[in-house]
Amino acid sequence: MSRRKKAAVEKPYRKPLIKKRKPNRSIAGDIALYLFLILVAVVMAFPIIYAVSSALKPLDELFKFPPRVFAQHPTLDNFSDLFVTMGKSWVSFSRYLFNTVFITAVGTAGHLMIASMGAFVLAKYEFPGNQAFFKIVTVAMMFTGYVTQIPNYLILNKLGWIDTYWAIIVPAFASPMGLFLMKQFMEGLPTSLIEAAKIDGANEWKVFSGIVMPNVKPAWMTLIIFSVQALWNNKASTYIYSEERKTLVYALQQIQSGGIARTGQGAAVLVVVMIVPIIIFIFSESQILETMASSGLKD
C-alpha cells in the first residue's frame, strides 16, 4: 500500500465545518428590536395586570382619580364578598361551576374528536367532493355566531334541545375552525408513514389514534385552548333559560351589573372569568407556537 493511500486510510473522517450565518443586523438594530418587543409585551400584559390589581383594591381606591395601576393596600375582600353574594343565590355556586365545566369538557372533547377524524379523512383520502367540502368549511369560517344564531335556534328548537346543555354542546362540535386547523396540520404528515403502518397490519383506528394523533399533538392542544376559551366564556343565555342550568359566566356578570356597590366584586369577576383560559394558555403556549410555525395556515 502506498504512503498516500495509507495516510488516507488512517486519517479519521472529519465532518466539514459549517459556518453559521450571522444575522445581518447591527448591535443598535438588535437593541431597537428588543426594546420594541419589550414595549409590545408591556402593552399586551397591561390589561391583565390592571385587572388583577383592580380586583385587589379596596372600594375607596377603585374610585380614586386619577386611577392608579397598583393597589396601595391590597386586599382579598372583593373575592370574599363575591363568594358571599354567590352563596346567597338560590342556585349554589357549585351548580353554576358544574354547568360550565360540564359544557366545556364535553363540548371540547366532542369537537376534538369530530374535527380530528374529519380532518384525517380530508387530508389523507381522496373521494368525490373532497375539495368542495373543504371549501364549504373554509367559507363557514367567515360567518360569526351572530349570523348563525337564528338558524341554530330554529334547528335546536325543532330538536327539542332548547334549555338543555346540548343546545351549547352540539353546535360546538361543528365549529369549522377545528376542522380547518387539524386538516392543514395533518397534510404535513408523510403519507408513507401511514402506508407503512397499514402494511404492518394496523387498521384505520390504530393508524388514527396511535400514529396520526400523537404526531399532531401541537394542533389538537391549540384546538383545545380555542374550544375551552369559547365555551368557558359562553353565557348561553340565548338557549338556556332555567337558572339551575345557567353557566358561571352568566351568574358572575349578573353580579357585575349590580351597580356601584358591587364595583369591587365586578373587578373580582373579571379575574375569575379570565383565570382558566389564561392558565391553559400558559401551559400550552409552546404547542400553539409550534402549530402556527409548522401547520402553515394558508390556502
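User: Why is Lys198 called partly exposed?

Analyst: Lys198 has a relative accessible area of 33%. Buried means under 20%, exposed means over 50%, and partly exposed is in between (1.4 Å probe, protein chains only), so Lys198 counts as partly exposed. Bear in mind that this is a predicted model, where local features need pLDDT of at least 70, side-chain atom pairs count only at pLDDT 80 or more, and totals for chains, interfaces and linings use all residues. Residues are numbered from 1 along each chain as its sequence is written, and side-chain values use heavy atoms, with hydrogens and water left out.

User: What makes Lys198 and Glu204 a salt bridge?

Analyst: Their closest N and O atoms are 3.1 Å apart. The rule wants a side-chain nitrogen of Lys or Arg within 4 Å of a carboxyl oxygen of Asp or Glu, so the pair passes. Glu204 is partly exposed too, at 40%.

User: How many salt bridges are there in the whole structure?

Analyst: A search turns up three. Another one joins Glu187 to Lys183, with the closest N and O atoms 2.4 Å apart. Glu187 is partly exposed at 39%, whereas Lys183, at 5%, falls in the buried class.

User: What makes Asp163 and Arg245 a link between distant parts of the chain?

Analyst: They sit 82 residues apart, with Asp163 in the loop between helix H7 (145-159) and helix H8 (166-173) and Arg245 in the loop between H12 and H13. Helices here are DSSP runs (H or I, at least four residues; strands are E, at least two), numbered from the N terminus. The closest N and O atoms of Asp163 and Arg245 are 3.6 Å apart, and the pair forms a salt bridge. Asp163 comes out buried at 17%, and Arg245 partly exposed at 28%.

User: What does Glu243 touch, leaving aside its neighbours within four places in sequence?

Analyst: Glu243 is in the loop between H12 and helix H13 (248-256). Contact means heavy atoms within 4.5 Å, and Glu243 makes it with Trp90, Val91, Tyr96 and Tyr250. Trp90 is 153 residues away along the chain, yet the C-alpha atoms of Glu243 and Trp90 are separated by 9.2 Å. Glu243 is partly exposed, with 23% relative accessibility.

User: Why is H12 called roughly antiparallel to H14?

Analyst: H12 and helix H14 (residues 263-283) pack at about 175°, with axes 10 Å apart. Angles over 145 degrees count as roughly antiparallel (under 35 roughly parallel, 65 to 115 roughly perpendicular, the rest oblique), so H12 and H14 get that label. On the H12 side, the contact is made by Ile225, Val228, Gln229 and Trp232; among the H14 residues are Val272, Val276 and Phe281.

User: Which residues have the most contacts inside the largest nonpolar core?

Analyst: They are Phe120, Met182, Met186, Val212 and Val216, in a core of 25 residues. Such a core is a set of buried Ala, Val, Leu, Ile, Met, Phe, Trp, Tyr and Cys residues joined through side-chain atoms within 4.5 Å. Elements giving two or more residues to this core include helix H5 (93-124), helix H9 (176-186) and helix H12 (217-232). A second, separate core of 18 residues includes Leu82, Met86, Tyr96 and Ala267.

User: Where do the buried residues of H8 pack?

Analyst: They pack against H5, H7 and H12. The buried residues in H8 are Ala167, Ile168, Ile169 and Ala172.

Note on methods. Axes are lines fitted to C-alpha atoms, for helices over the stretch in contact, and angles run from 0 to 180 degrees between N-to-C directions.
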